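Take a look at the fold below.

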Amino acid sequence: MPFLGQDWRSPGQSWVKTADGWKRFLDEKSGSFVNDLSSYCGKEVYSKEKLVNSLNYDVAAKKRKKDLLNSKTKTHYFHQEKWIYVHKGSTKERHGYCTLGEAFNRLDFSTAILDSRRFNYVVRLLELIAKSQLTSLSGIAQKNFMNILEKVVLKVLEDQQNIRLIRELLQTLYTSLCTLVQRVGKSVLVGNINMWVYRMETILHWQQQLNNIQITRPAFKGLTFTDLPLCLQLNIMQRLSDGRDLVSLGQAAPDLHTLSEDRLLWKRLCQYHFTERQIRKRLILSDKGQLDWKKMYFKLVRCYPRKEQYGDTLQLCRHCHILSWKGTDHPCTANNPENCSVSLSPQDFINLFKF
């Protein structure tokens, strides 16, 4: 409204002196008097109310559209670029910060799990996030996390491979959620507690499905693993990087059990994962006075992290600080972009976003 002393006239109106003073003014176009100032102010207020109502309607419409998108749990947020610029501060060219949740949404992990070279990498990354980084994700990123996890479980149920790996992932996530749900109200999880309880029930259902898997022997009458020469069998077993796989393989047949107990096999496994200093601190002798490499391996695993190996990893360009999967084109200005890329382990990926 106009302030005291401000001219109330609008274009095309003029003051007219009446019997009760200068309280009326004439509309020159229509030739009629405006009854009083209050009626004119009423028109102004009415116009402003229409404007405010219109703005409120637009805001409400946008909010309903946003709520509709968020209510669709299966909705994925795709981006045209399959890379992301990792920056820890604002510059003249770029403003803001890159978060773990933003990178998780942008790097297309849903497609990566379909690639056997990237599957173990993504699963390990999901496990690390479930252990300690779940609360650092935004609501959309947490929803995306659960959607990707569901795809992983469905893939394992269909292929019947990597069952133990996914069991451990689900157990880690369930344990973390049990702790976090008890702290609801302290801004540790995004969303209603009933939603997270439902997700925990879903995880238990997935675990039950994995436990009920019965792997049937394929009806194949050709050459089998045990039909290979012993040297080839040992050569294949030496390529297994997890001691639990060796134990499982030894339980498949009596002949394989004998090969799985080979001391040289366990010695190479220890030397691959652990340093000489770590091995010297955990020496175990057998009844024959020899080093028991098998027992030493499982003791070392409890004390030190194993060496990780992956068929494909995320890479960070040291020149332009862009994070992407190997083979993904990104706008790099370096002369030799391939020489600027550094492979990142899942833990290195997490450390990038610890400010």
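Gln 315 has contacts well beyond its neighbours in sequence. Leaving aside residues within four places, Gln 315 touches Ile 322, Leu 323, Ser 324, Lys 326, Ser 341, Val 342 and Ser 343. Contact here means heavy atoms within 4.5 Å. Gln 315 also lies 5.7 Å from Leu 344, C-alpha to C-alpha, although 29 residues separate the two in sequence.

A word on the source. This is a predicted model, in which local features need pLDDT of at least 70 and side-chain atom pairs count only at pLDDT 80 or more, while totals for chains, interfaces and linings use all residues. Residues are numbered from 1 along each chain as its sequence is written, and side-chain values use heavy atoms, with hydrogens and water left out.

Now place Gln 315 in its strand. Gln 315 belongs to strand 5, residues 314-317. Strands (E, at least two residues) and helices (H or I, at least four) are DSSP runs, numbered from the N terminus. Gln 315 counts as buried because its relative accessibility is 16%. Buried means under 20% relative accessible area, exposed means over 50%, and partly exposed lies in between (1.4 Å probe, protein chains only).

Which way do the side chains of strand 5 point? Leu 314 and Leu 316 point one way, Gln 315 and Cys 317 point the other way, and all are buried. In a regular strand, side chains alternate between the two faces of the sheet.

What about disulfides? The structure holds 0 of them; a disulfide needs a pair of cysteine sulfur atoms within 2.5 Å. Cys 340 is in no disulfide, and its nearest cysteine sulfur, that of Cys 317, is 5.0 Å away. Cys 340 counts as buried because its relative accessibility is 17%.

Next, the aromatic rings. A search of the whole structure finds 9 aromatic pairs. Rings of Phe, Tyr and Trp (its six-membered ring) pair if their centres lie within 6.5 Å; planes under 30 degrees apart count as stacked, over 60 as edge-to-face, and the rest as tilted. Phe 109 and Phe 349 form an edge-to-face pair, 6.3 Å centre to centre with 80° between the planes. Phe 109 sits in helix 3 (residues 109-112) and Phe 349 in helix 15 (residues 346-351), 240 residues apart. Both Phe 109 and Phe 349 are buried.

Finally, how far can the model be trusted? pLDDT is the predictor's confidence in each residue, from 0 to 100. The protein averages a pLDDT of 77, and 72% of the residues score at least 70. Over residues 1-31 the pLDDT is below 50, and this stretch has 52 contacts in the model beyond near neighbours in sequence. Where pLDDT is low, the predicted coordinates should not be read in detail.
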